[in-house]
Amino acid sequence: MSGKTALIVGATGLVGRELLNVLLENDHYSKILILGRSSPGVKDNRIEELLINFDDLANYKDQITANDYYCCIGTTMEMAKSKEAFYRVDFTYTLELAKMSMEDSQCDQFHMVSSYGANAQSGLFYNAVKGQVEDALKELNIRALHIFQPSLLLGYRQHFRLWEEIAKIASGVLSFFIIGSRLKFWAIEGSEVAKSMFYVALSGETGLHVHKPLEMKRIARTKEYKGDNSVTADV
């Protein structure tokens, strides 16, 4: 083991849970710190859990330190119940965590799950908030910032999402008719996103990088990231 520590925020969600599995299957990290409201219920001697109220995130600053930060938090309007609550989870908490990572002398890189179509000027509230938080993170000039933009996410979720389930069914049907670059807009497994995050982290690449669905699929399949972003041309 490298003696490094990984921090996963949102380990009970689809991508966060898959990422935890990926990290446990590898010995790159000697410690995996899980930050969240509830426990993912996974037992391993490398796991340390810190259950918190994210509204009081700053109060836990002295207990949070890691080499690699993985931010996988996110919600839906159905779960948040209001635009204000949604914004607080997807924007405020993410930005606060990123700022804390910059103050953490041990932190080497920050990885964040966003969404394909993220655009601060979008007329869609979801896409607009995702775009706004991406822009805010970019302004921080983090030494190594990797933003992952999955399209429709496939995989088990604890909370039922009606429109995603409908989209998954449509994906299975329409995939027969989708070819070429149009694939970039379609589904990606949560496990593929998680694997791509891990292999990108292994590269230690610095700077700002935005990873699109086709690139994430390639990284997950080949288990390597060359750092050339050659496939991110699928924008």
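**Positive phi values and an enclosed helix**

Lys 223 is exposed, with a relative accessible area of 54%, where exposed stands for over 50%, buried for under 20% and partly exposed for what lies in between, computed with a 1.4 Å probe on protein chains only. The model is predicted, so that local features need pLDDT of at least 70 and side-chain atom pairs count only at pLDDT 80 or more, while totals for chains, interfaces and linings use all residues. Residues are numbered from 1 along each chain as its sequence is written, and side-chain values use heavy atoms, with hydrogens and water left out.

Lys 223 sits in the segment after helix H7 (213-222), helices being DSSP runs of H or I with at least four residues, numbered from the N terminus. Although Lys 223 is not a glycine, its phi is positive, at about 60 degrees. Most residues other than glycine have a negative phi.

Lys 81, likewise not a glycine, has a positive phi near 80 degrees. Lys 81 belongs to the loop between helix H2 (77-80) and helix H3 (83-103), and with a relative accessibility of 69% it counts as exposed.

Helix H6 (residues 190-203) spans 21 Å from its first C-alpha to its last over 14 residues, close to the expected 20 Å, which is 1.5 Å times one less than the number of residues. Because 10 of its 14 residues are buried, H6 is largely enclosed by the rest of the structure; among the buried residues are Gly 190, Val 193, Met 197, Phe 198 and Tyr 199. After H6 comes Gly 204, with a positive phi near 70 degrees.

Note on methods:
Helices (H or I, at least four residues) and strands (E, at least two) are DSSP runs, numbered from the N terminus.
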